Amino acid sequence: MKFMKLGSRPDTFYTAESVRTISSEVSSDLIIQVKGTRYLLHKFPLLSKCLSLQRLCSESSESPQHQIVQLPDFPGGVEAFELCAKFCYGITITVSAYNIVTARCAAEYLQMTEDVEKGNLIYKLEVFFNSCILNGWKDSIVTLQTTKALPLWSEDLAIPSRCIEAIASKVLSHPSKVSLSHSHSRRVRDDVSSCNGTESLRHKSTSKGWWAEDLADLSIDLYWRTMIAIKSGGKTPSNLIGDALKIYASRWLPNIRKNVHVKRETESDSDSDSASEVTSKHRLLLESIVSLLPAEKGAVSCSFLLKLLKAANILNASASSKVELATRVGLQLEEATVNDLLIRSVSNTNDMMYEVDLVMIILEQFMLQGQSPPTSPPRSRLAIERRRSRSAENINFEFQESRRSSSASHSSKLKVAKLVDRYLQEVARDVNLPLSKFIALAETIPEFARHDHDDLYRAIDVYLKAHPELSKSERKRLCRILDCKKLSMAACMHAAQNELLPLRVVVQVLFFEQARAAAAGGKVTDMPSNLKALLTAHGIDPSKHTAPLSTTTSIHADDNWSVSGFKSPKSTRNPTLRMKLAEDDLDENVAVPRDEIGRTSRFKGLLALPTQPKRMFSKLWATNRSATEKN
């Protein structure tokens with residue numbers, strides 16, 4: 001890193017009885033008080049370079065021999081004042097990126113300008129700052145960091161803006177030179193050399209995003225301004241911006257727990273205030289990161305977005321930040337996993353275990369892909385927005401453009417359907433999950449996206465077990481989302497013996513499974529016309545042969561079902577089944593419409609005997625044949 005030395009005299013400042021003074025044959029005639037520290041100095045070297053001290057001494061009514069000057073609000077404190085005083089005495093001082101901000105602010109306070117003396121301190125500091133500090137990568141970052149100690153003075157002198165401009169220009173000038181390596185920027189450093197020497201940057205690798213790790217050292221307000229400047233240049237790829245934000249978030253956002261914002265009973269008021277302050281800082285940091293996210297789809301991973309959403313939920317971030325994150329997740333939901341979507345609820349008014357409403361918003365945004373928004377702002381607005389904050393209020397246009405230009409593919413909808421069904425299996429265990437929310441989540445997925453309903457049946461089974469208090473009508477309402485025709489053999493075997501399901505659903509499962517078995521057995525030509533019509537009404541082609549049902553049929557590992565917990569149906573249950581079916585027939589909310597099933601006594605007998613469906617089919621067909629022969 002760069003440094004500059006001024007002066008040639010040795011340092012003769014010393015402390016005597018809590019007073020700082022300088023070794024000199026001339027007695028001191030000026031006393032300066034700086035924040036509790038007293039200096040015994042001389043007027044001539046100081047007043048000849050400091051216009052403010054000239055004014056203060058001329059306005060003072062003290063004795064000219066021992067004038068006292070109070071400097072209570074001196075920027076930079078005693079260290080900065082002493083550096084300026086040493087410069088006035090010609091004592092050697094060293095200026096670098098670590099102290100140039102305080103030195104510059106102190107010199108401005110003392111008005112050490114060219115009007116007072118040529119080659120004064122302000123001029124020398126400005127030359128060093130412009131020619132060396134701003135030309136160095138690490139120097140610019142360190143100087144920018146030190147402005148946090150004196151924000152108002154630094155802003156008045158435009159130090160942060162000049163550093164940010166220099167940093168952004170370096171990033172934009174070399175967008176493809178140096179990969180996002182967590183160790184690279186720790187290795188790349190400016191050589192320590194004099195300002196009069198040549199600066200040597202040792203770029204040990206050529207990779208993009210070489211700047212991200214160093215910028216992660218900045219505080220959030222300075223980092224935000226720097227990233228806005230980099231994004232405004234328009235030369236940095238959005239994926240590099242996303243990677244840089246991920247590095248910054250991993251550096252500053254802790255592993256937040258659910259109870260991070262909850263006041264413990266054992267905490268004192270001061271501890272609670274401190275925890276609240278930390279939470280507020282983390283909330284501001286997260287919302288700032290969200291506002292910097294690139295609008296382009298895929299700039300950041302779906303997993304990272306969902307981690308931010310979980311943190312936003314715990315930190316009680318603004319509703320706009322949550323909705324914005326949910327919207328972004330919806331654009332690439334097919335990349336998510338079930339664990340990513342399990343967002344713990346932290347609301348005191350919500351007894352549910354997970355934030356199902358947020359997932360619903362994500363699903364809605366996913367399904368909206370490819371749809372044009374109701375209104376489209378003029379495109380000229382985009383150029384203006386590029387130089388503004390990417391906050392939730394001003395990126396709607398960019399999101400609409402992104403959504404309109406990318407629609408969810410058929411394969412992605414199939415993946416999301418599987419994801420949602422497995423997510424439902426997890427949240428179904430929550431005893432406080434309302435039935436309406438469970439059904440709403442399941443119905444968000446279009447029918448064509450579910451090739452089979454096995455995972456959905458698993459979720460329904462879990463929900464029924466976790467909610468034994470459901471009424472008969474509620475169980476029927478829940479099972480209406482299930483398509484029995486799309487259940488595998490293993491799922492049908494499980495459903496046929498599942499006493500938690502409404503009986504009408506069990507009968508449906510048995511009927512369709514045995515109908516498929518009959519069609520697969522080569523007896524399609526003997527199938528009665530009423531059964532053919534029924535199969536056709538439910539979307540099953542009677543002429544299409546499927547794999548025969550057999551106990552030796554291979555089942556995918558994911559479709560294995562355990563039926564050990566159920567008892568095998570006995571023939572003695574038939575009267576009970578008949579009575580229950582008769583009772584279901586009187587219910588207005590029948591899951592299977594009567595006109596599709598038929599009202600003949602033979603067909604009701606078929607439905608009433610789920611334990612011997614194959615035998616009943618054979619009897620039915622035999623009766624039809626004999627009737628045909630007689631006619």
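Which residue in β5 is the bridge partner of Val 19? To find out, select strand β3 (residues 19-22) and strand β5 (residues 37-41), which pair in the parallel sense over three bridges; the partner of Val 19 is Arg 38. Strands here are DSSP runs of E with at least two residues, and helices are runs of H or I with at least four, numbered from the N terminus. Two strands pair if DSSP finds at least two bridges between them.

The model is predicted: local features need pLDDT of at least 70, side-chain atom pairs count only at pLDDT 80 or more, and totals for chains, interfaces and linings use all residues. Residues are numbered from 1 along each chain as its sequence is written, and side-chain values use heavy atoms, leaving out hydrogens and water.

Next, select strand β4 (residues 30-34), which pairs with β5 in the antiparallel sense over five bridges. In β5, Leu 40 is the bridge partner of Ile 31, and Arg 38 is that of Gln 33. Two residues separate β4 and β5 in a hairpin, and Lys 35 in the turn has a positive phi of about 50°.

Now display the whole open sheet, whose five strands follow the order β2-β3-β5-β4-β6 with mixed pairing. Its edge strands, β2 (13-16) and β6 (67-70), each pair on one side only.

Finally, select helix α5 (residues 121-133). Its buried residues (under 20% relative accessible area, 1.4 Å probe, protein chains only) include Leu 121, Leu 125 and Phe 129.

Key: Buried < 20%, exposed > 50% of the residue type's maximum accessible area, 1.4 Å probe, protein only.
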